Amino acid sequence: MTDDPLIRVRGLYKIFGPDPESVMPQVEQGMDKDALLQQTGHALGLRNIDLDIGRGEVFVVMGLSGCGKSTLLRHFNRLIEPTRGSIRVDGVDVLQLGRRELQEFRRHRMSMVFQRFGLMPHRNVLDNVAYGLMVQGVGRDERRRRAEHWLEAVGLGGYGSQFPSQLSGGQQQRVGLARALCTDAGILLMDEAFSALDPLIRSEMQEQLMELQERLHKTIVFITHDLDEALRIGDRIAILKDGELVQQGAPEEILSAPADAYVEAFVRNVTREQRWG
Ligand SMILES: Nc1ncnc2c1ncn2[C@@H]1O[C@H](COP(=O)(O)OP(=O)(O)O)[C@@H](O)[C@H]1O
Ligand SMILES: [Mg+2]
């Protein structure tokens, strides 16, 4: 898998601020995030990230709020331009894509599921789910057929004519998931997709995602700040701290050999059931 990763990131740096290039020397020399901000007014998003995500893998990116998770994810479909580094997806150098190619790439290769669902309030559920297909230029009947299929798949068959506001949070996120699956994109980017849900609903959603994944074999990049969730669904977990990758590995590796005190603190908070169950 490391020979032929689906997503390959090398030497990725992201600095936010007026003149990122000007502070690269300090960042490369290891100036920490707080000092960088105080001394230069630049925010360190990511520092020297290398990672490989394999085809069909559920890859979890975990870490405290502000550690750079969303920043990393948004590089994959180039919603963010890196300060340095390379990103290849299925052999394609994402940074070399022209405007048109990038648009096609975003429409067909990846879909996103957001924490706040991101549904369009004035469109009904079916149209929300079918939206990506409409953008792709798929005809009306075909859109409807596929959207109904995916609503069915997430347990919301028959909800197509409802509006988002008529649904619970959990149901809205099922719609978000159906929408993401509906375009047949091979890569699913999920940014804290379940973090806004109540614990019980959240674990149902985790369950459902795992069930779907058994059939679909998507490549899923799943962001969370919760190690319980990461352990439950991740094939591999990467842990970020202040923009740096501090550890990556299989769940059991993280649990049995936390790389430092930061990871150890997460591990200590894992519920007994997760750990021993
Ligand atoms: N557009 C931006 N401008 C300035 N700083 C930003 C911007 N986006 C993110 N950051 C900073 O980058 C760091 C990582 O943010 P983010 O990726 O959103 O973290 P996470 O998703 O892990 O909570 C934070 O310090 C944040 O303040
Ligand atoms: Mg975030």
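Me: Which strand does Ser-111 lie in?
Reply: This is a predicted model, in which local features need pLDDT of at least 70, side-chain atom pairs count only at pLDDT 80 or more, and totals for chains, interfaces and linings use all residues. Residues are numbered from 1 along each chain as its sequence is written, chains are lettered from A and ligands numbered from 1 in the order in which they are written, and side-chain values use heavy atoms, with hydrogens and water left out. Strands are DSSP runs of E with at least two residues, and helices are runs of H or I with at least four, numbered from the N terminus. Residues 110-113 form the strand that holds Ser-111, namely β6.

Me: Is Ser-111 buried or exposed?
Reply: Buried means under 20% relative accessible area, exposed over 50%, and partly exposed in between, using a 1.4 Å probe and protein chains only. Because the relative accessible area of Ser-111 is 9%, this residue counts as buried.

Me: Which residue has its backbone oxygen 2.8 Å from a polar atom of the side chain of Ser-111?
Reply: Contact means heavy atoms within 4.5 Å, and, leaving aside neighbours within four places in sequence, Ser-111 is in contact with residues including Thr-183, Ile-187 and Leu-189. The backbone oxygen that lies 2.8 Å from a polar atom of the Ser-111 side chain belongs to Ala-180.

Me: How many residues of strand β2 are buried?
Reply: Strand β2 covers residues 43-53 and is largely enclosed by the rest of the structure, because the buried residues number eight of the eleven.

Definitions and conventions:
Polar contact = N/O pair within 3.5 Å; in protein donor to acceptor, adjacent residues only side chain to side chain.
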